Amino acid sequence: MAVISSDFRWRSNALGFMTDCRLLIPDAREVPPPWNLLLLLHGRSDDCTAWTRFSAIERHLEGYPLVVAMPNGYVSYYRDPIGRSGVETALMMELIPLLETTLPIRSDRFAQGIAGLSMGGYGALYLAAKYPEQFCAVSALSPAVLESRRGGEADRNVAWQDIFGSPIDEDTTLLNLLSQLDANTSPEFQVIVGDRDFLLEEAKSLDQWLKRYNLRHVYHERQGAHDWNFWERQIPDMLRFQLTEMKKWEKRGED
């Protein structure tokens, strides 16, 4: 079964420039619409082409009623700069509505999930925690978790201190946002990390935090490091988790 790869650019008012997104779309002749949506985020050193360049995600997606949108996140950690719009607004207020109006994608919460690796794992967790009504499932592979441990990276438009604040804005840290979620209605979380990953301890902290606030999640430590060899092996599990949770949430809505 074919998965169609398509690139498009749109002018983002939030960013103030043209930006890119790569799409993986089911073949409608083989997987009839409407489809569900997975927002899939790249890591700090990559761009919107990373998942298709470094993994076989197209092959893993065959037969799934799932559109995968992989936007450029730059080095933003998928947050808006403090006091103005940026990548966060571009994705949540521009990209998702744009996809819903141009493709036969379900707009229901049960039909939309978010995932990412490393910086993108942070972004998936952050956006799901801040917009819990948007997504039913969250997959974070090798996620960065603690803002205080990030370095001095910055992209071409955003000074580093503008991302998390200087000093760090504790009210908008990932863990604080997670602590405010309603355990009865929050998305389902999946966290996967390698046993040789330099972010392993941060992932363990996240697991403990999710347990502390009774947030539904699965946590896996598996053999591997912080690299594409590890992430490639996790893609089938990630996709199964996303589709399983979407089906569960859809059934919950019907009941």
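Biologist: Does Arg150 count as buried or exposed?

Modeller: This is a predicted model, in which local features need pLDDT of at least 70 and side-chain atom pairs count only at pLDDT 80 or more, while totals for chains, interfaces and linings use all residues. Residues are numbered from 1 along each chain as its sequence is written, and side-chain values use heavy atoms, with hydrogens and water left out. Under 20% relative accessible area a residue is buried, over 50% it is exposed, and in between it is partly exposed (1.4 Å probe, protein chains only). Arg150 has a relative accessibility of 15% and therefore counts as buried.

Biologist: How many residues apart are Arg150 and Glu202, the two partners of a salt bridge?

Modeller: A salt bridge requires a side-chain nitrogen of Lys or Arg within 4 Å of a carboxyl oxygen of Asp or Glu, and the closest N and O atoms of Arg150 and Glu202 are 3.0 Å apart. Arg150 sits in the loop between β6 (137-141) and α5 (160-164), whereas Glu202 belongs to helix α7 (residues 200-212), which puts the two partners in distant parts of the chain, with a separation of 52 residues.  Helices (H or I, at least four residues) and strands (E, at least two) are DSSP runs, numbered from the N terminus. The separation of this pair is thus 52 residues.

Biologist: Which strand holds Arg22, the partner of Asp7?

Modeller: Asp7 and Arg22 form a salt bridge whose closest N and O atoms are 2.7 Å apart. The pair joins distant parts of the chain, 15 residues apart, with Asp7 in strand β1 (residues 3-12) and Arg22 in strand β2 (residues 17-26). Arg22, which counts as buried at 15% relative accessibility, is thus held by strand β2.

Biologist: What is the relative accessible area of Lys204, which forms a salt bridge with Glu201?

Modeller: The closest N and O atoms of Glu201 and Lys204 are 3.6 Å apart, and the two residues, 3 apart in helix α7, are separated by about one helical turn. Glu201 counts as partly exposed at 46% relative accessibility. Lys204 is partly exposed as well, its relative accessible area being 31%.

Biologist: How are α3 and α4 oriented to each other?

Modeller: Helix α3 (residues 87-102) and helix α4 (residues 119-130) pack at about 60 degrees with their axes 12 Å apart, where axes are lines fitted to C-alpha atoms, for helices over the stretch in contact, and angles run from 0 to 180 degrees between N-to-C directions. Angles under 35 degrees count as roughly parallel, over 145 as roughly antiparallel, 65 to 115 as roughly perpendicular and the rest as oblique. The orientation of α3 and α4 is therefore oblique.

Biologist: Which residues of α4 make the contact with α3?

Modeller: Contact here means heavy atoms within 4.5 Å. On the α3 side the contact is made by Glu88, Leu91 and Met92, and on the α4 side by Tyr126, Leu127 and Lys130.

Biologist: What is the phi of Tyr77?

Modeller: Most residues other than glycine have a negative phi, and most peptide bonds are trans. Tyr77 is found in the loop between β4 (66-71) and α3, and is buried with a relative accessible area of 3%. Although Tyr77 is not a glycine, its phi is positive, at about 55 degrees.

Biologist: Which residue is joined to Pro167 by a cis peptide bond?

Modeller: Pro167 lies in the loop between α5 and α6 (174-179). The cis peptide bond has an omega of about 0 degrees, and the residue that it joins to Pro167 is Ser166.
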